[in-house]
Amino acid sequence: MKPVKALNHIGIAVQSIDEHKSFYESTLGAEFEGVEEVPDQKVRVAFFRVNDVRLELLEPTDPSSSVAKFLDKRGEGLHHLAFTVDDIEARIEELKNGGLRMIDEVPRPGAHQTRIAFLHPKSSCGVLTELCEPKEAH
Ligand code: CMX
């Protein structure tokens, strides 16, 4: 596959953004960038920035959300790594042609008007991995 461009963000599943916001903002001193709802994924997300690294807290908005399921099974913690790509459709095809298992074979809408697609963790060393195409890249 054409190389990914950057680590876009690290996703962390939480029961409540409000409960954990002060840890990232006040204790660690990360820059709070805002909260956004991603209806397609049934989550509310909060972004924090530490230099070039962005952290995304994910809070489920519905019990059927995959994040709610994750919290039930595993509790709060690291959920996924997201990598910036361009031409996400081409990257999905390359991964599929390489025999990797995609959760999303068609891009879905993500936060900040990105388009996203997940690889199954069984195809990526047990780490849920997201391809993320920023709006300006297409
Ligand atoms: N990281 C690593 N492994 C994970 C995982 C995660 N976040 N979530 C589930 N798994 C593992 C499970 O432990 C399980 O492994 P075992 O079979 O060894 O027990 C395996 O994946 C299948 O899990 P499951 O519970 O049977 O399947 P689920 O129905 O929970 O689905 C997954 C898992 C990854 C397919 C589903 O969560 C999914 O489609 N995720 C992509 C969408 C998503 O996570 N959206 C939220 C973020 C949105 C955003 O950033 O905007």
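**Close-up views of the sheet and the ligand site**

**View 1. The open sheet.** Eight strands make up an open sheet of mixed pairing, in the order E2-E3-E4-E1-E5-E8-E7-E6. Its edge strands are E2 (31-38) and E6 (108-109), each pairing on one side only. Strands here are DSSP runs of at least two residues (E), helices are runs of at least four (H or I), and both are numbered from the N terminus. Two strands count as paired if DSSP finds at least two bridges between them. The model is predicted: local features need pLDDT of at least 70, side-chain atom pairs count only at pLDDT 80 or more, and totals for chains, interfaces and linings use all residues. Residues are numbered from 1 along each chain as its sequence is written, and side-chain values use heavy atoms, with hydrogens and water left out.

**View 2. The E2-E3 hairpin.** E2 pairs with strand E3 (residues 43-50) in the antiparallel sense, over seven bridges. Glu31 stands opposite Arg49 in E3. Four residues lie between the two strands of this hairpin. In the turn, Lys42 has a positive phi of about 55°.

**View 3. The E3-E4 hairpin.** Eight bridges join E3 to E4, again in the antiparallel sense. Arg49 has Arg54 as its bridge partner in E4. Two residues separate the strands of this hairpin. Asn51 in the turn has a positive phi of about 50°.

**View 4. Strand E5 and its two neighbours.** On one side, E5 runs antiparallel to strand E1 (residues 6-13), with seven bridges. Ile10 stands opposite Leu81 in E5. E5 also pairs with strand E8 (residues 129-133), here in the parallel sense over four bridges. Leu81 has Thr129 as its bridge partner in E8. Phe83 stands opposite Leu131 in E8.

View 5. A ligand nitrogen lies 2.8 Å from an N or O atom in the Gln41 side chain. Another view of the site takes in Glu56, with an N or O atom of its side chain 3.3 Å from a ligand oxygen. At His79, a polar backbone atom is 3.0 Å from a nitrogen of the ligand. Taken alone, the ligand exposes 960 Å², and the protein buries 73% of that (Shrake-Rupley method, 1.4 Å probe).

View 6. The ligand takes up the space of the largest pocket. A pocket is an open set of points on a 1 Å grid over the protein atoms alone, where a 1.4 Å probe fits, with protein on both sides within 12 Å along at least five of seven lines. A molecule sits in a pocket if more than half of its atoms lie within 2 Å of its grid points. Strand E4 (53-60), helix H2 (66-74) and strand E5 (77-84) are the elements that give two or more residues to the shell. H2 gives the most, with six residues.

**View 7. Residues around the ligand.** The ligand is surrounded by 19 residues (a heavy atom within 4 Å). The closest are Gln41, Lys69, Lys73, Arg74 and Lys122. By class, the shell has seven nonpolar, six polar and six charged residues. Asp, Glu, Lys and Arg count as charged, and Gly is among the polar residues.

Notes. Polar contact = N/O pair within 3.5 Å; in protein donor to acceptor, adjacent residues only side chain to side chain. 1 Å grid on protein atoms, 1.4 Å probe; cavity = no way out; pocket = protein on both sides within 12 Å on 5 of 7 lines; lining within 4 Å.
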